[in-house]
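Please look over the sequence and the model shown here.

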Amino acid sequence: FLNTLVSKQKEEKIRDYSWLDRMGETGRFIALELKLIWRNKRPRSVATMSVIFLAYGFMIYRPQHGHEVPEFLFIIGGIMIVGLFSISYGQFFPAWHSNYFSMLMCQRLTMKQFLRSFYMLVTVVSVIFYLVTLPYALLYPKIIYTHLAVLLYNLGVNIPLMFWFGLFSKKRLDLNQSSVMNYQGVGASQWLASLPMLIGPIGLFYLFNLVFGPVGGYLGLGAIGLTGIFLNPIIIDFFSKQYRKQKHQLIRNYKNS
């Protein structure tokens with residue numbers, strides 16, 4: 001009994017996000033996202049699969065006997081390893097909160113804080129994933145800058161795209177179901193969102209590659225991403241206004257789905 005009690009107390013300490021209160025309302029919303037992931041099966045399985053996919057590099061970057069790894073595989077590798085959590089979790093924003101979205105909108109909060117907390121969460125996770133994947137540079141040193149370019153592109157371009165498609169979210173999510181082979185809550189917006197997030201950076205890379213070569217291609221991707229990151233306050237402000245206009249429609253969508 002004592003061992004069980006001690007283990008439960010340890011778990012509660014692990015799940016204690018009170019330290020985020022130092023960040024104000026934004027920190028409390030980050031804590032809300034973390035609790036949602038920890039306590040519910042579907043977002044937890046998304047997080048688990050993202051961690052498992054950190055080992056995907058051993059498949060995609062395995063030595064090619066007498067052949068060089070195509071450049072697009074480095075981009076796909078960066079997307080699947082560094083950006084998988086942000087894309088998998090972000091494509092259902094804000095539907096993760098669909099079961100209590102109307103209540104959430106009645107709380108003392110600003111939409112800007114809601115969006116900023118999500119952005120900060122996926123940014124921190126993506127940066128951690130990038131650092132964890134650096135040992136793959138022992139196989140191919142260029143992974144240091146190819147993954148960095150994809151990371152910057154993901155934070156500067158893909159996340160704003162998630163905000164845009166989230167405006168058209170129509171289906172409520174059942175958080176108690178696993179995400180594996182589960183298409184509940186998957187609508188046209190999710191399928192449409194995945195295309196530019198995956199194909200966009202590959203197409204842009206080859207466009208820059210035609211003019212500046214492979215290194216220039218990655219520099220171009222990184223530059224576009226950095227531009228989006230520097231414009232993040234303006235982007236957050238823009239989407240906060242759009243979500244305020246759309247919030248009543250989102251509430252109706254989640255109630256009727």
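Predicted model: local features only at pLDDT ≥ 70, side-chain atom pairs only at ≥ 80, totals over all residues.

Residues are numbered from 1 along each chain as its sequence is written, and side-chain values use heavy atoms, with hydrogens and water left out.

**Salt bridges**

How many salt bridges does the structure hold? There are three. A salt bridge here is a side-chain nitrogen of Lys or Arg within 4 Å of a carboxyl oxygen of Asp or Glu.

| Salt bridge | Closest N to O |
|---|---|
| Glu-71 with Lys-142 | 2.7 Å |
| Lys-241 with Asp-237 | 3.5 Å |

Take the pair of Glu-71 and Lys-142, with N and O 2.7 Å apart. Glu-71 lies in helix α5 (residues 71-81), and Lys-142 in the loop between α8 (111-132) and α9 (143-166), so this bridge ties together parts that are 71 residues apart in sequence. Helices are DSSP runs (H or I, at least four residues), numbered from the N terminus. Glu-71 is buried, at 17% relative accessibility. Buried means under 20% relative accessible area, exposed over 50%, and partly exposed in between (1.4 Å probe, protein chains only).

Asp-237 sits in helix α11 (residues 232-256) and Lys-112 in helix α8, so the bridge links parts 125 residues apart in sequence. Asp-237 is partly exposed at 26%. Lys-112 is partly exposed too, at 29%.

Lys-241 also bridges to Asp-237, at 3.5 Å. Both lie in helix α11, four residues apart, about one turn of the helix. Shared partners join Lys-112, Asp-237 and Lys-241 into one network. Lys-241 is partly exposed, with a relative accessible area of 41%.

**Helix packing**

Two packed helices are described by the angle between their axes and the distance between the axes. The axes of α9 and α11 come within 10 Å and cross at roughly 20°. Axes are lines fitted to C-alpha atoms, for helices over the stretch in contact, and angles run from 0 to 180 degrees between N-to-C directions. That makes α9 roughly parallel to α11, a label for angles under 35 degrees.

Which residues of α9 and α11 make the contact (heavy atoms within 4.5 Å)? From α9 come Pro-160, Met-162, Phe-163, Trp-164 and Gly-166. From α11 come Ile-235, Ile-236, Phe-239, Tyr-243 and Leu-250.

Notes: Helix = DSSP H or I, 4+ residues; strand = E, 2+ residues; numbered from the N terminus. Parallel < 35°, antiparallel > 145°, perpendicular 65-115°, else oblique. Contact = heavy atoms within 4.5 Å.
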